[in-house]
Amino acid sequence: MGSIVYRATKDQAVHDELHSVAAFAAVLAHRAIGNRLWFLAQNRSGEHAGRIWIGLTLIDCRKGEVAVKSMDESCGPYYFDCPLAFLDRASPPTGPYAGPWREKVREFHAHRVARRAAIRPGLRISYGESTYVLRRSLGRRGWDVARESDGLICRLKSRQLGNATVLPSQEKHPQEKHS
């Protein structure tokens, strides 16, 4: 299974890939997450007519060219951010890899939900060489944070927060605040 490289933008590549799948299956849903295009498709004819399956196309864009690599869940891709709704709508898994892959997708989402629930104002994190305290959520844009060393207020992107280490809280007593 190789990659195909051609001149296009990411949007064109997404359109082309969905059009390619539509040649033999009905695309029921799709979602682009980063460089991954997830889609849910239903075979129109052949031995597996009516079967609903999950597909993935990796799309790498560089200097006006895209490299695309397509696969489906039967390959057990090493990506687990497939939308959960796709798993609920897909036909039962076939082959030795699809079932375990679906379980890893469910684990990924459960872990992500638990991690998001733990993120709250006042949480201490370590990112890079600094320790920060989360102040307020900015939604998809990340969080306002205060650097502990000097109180500098800045924004930490969601991706940065995802790579940060959560630290235990340091409850300070009022008399300890004197320096």
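Is arginine 147 buried, partly exposed or exposed, and what is its relative accessible area? Arginine 147 is partly exposed, at 22%. Here buried means under 20% relative accessible area, exposed over 50%, and partly exposed in between (1.4 Å probe, protein chains only).

The model is predicted: local features need pLDDT of at least 70, side-chain atom pairs count only at pLDDT 80 or more, and totals for chains, interfaces and linings use all residues. Residues are numbered from 1 along each chain as its sequence is written, and side-chain values use heavy atoms, without hydrogens and water.

Arginine 147 pairs with aspartate 150 in a salt bridge, with the closest N and O atoms 2.7 Å apart. The term requires a side-chain nitrogen of Lys or Arg within 4 Å of a carboxyl oxygen of Asp or Glu. By this rule there are 7 salt bridges. Another joins arginine 124 to glutamate 148 at 2.6 Å. This pair links distant parts of the chain, 24 residues apart: strand 6 (residues 124-127) and the loop between strand 8 (143-147) and strand 9 (153-156). Strands are DSSP E runs of at least two residues, helices H or I runs of at least four, numbered from the N terminus. Arginine 124 is buried because its relative accessibility is 11%. Glutamate 148, at 36%, is partly exposed.

The largest nonpolar core has 15 residues, including Trp38, Ile54 and Val105. Such a core is a set of buried Ala, Val, Leu, Ile, Met, Phe, Trp, Tyr and Cys residues joined through side-chain atoms within 4.5 Å. Strand 4 gives the largest share, 4 residues. Apart from this core lies another, of 13 residues, among them Phe39 and Trp53.
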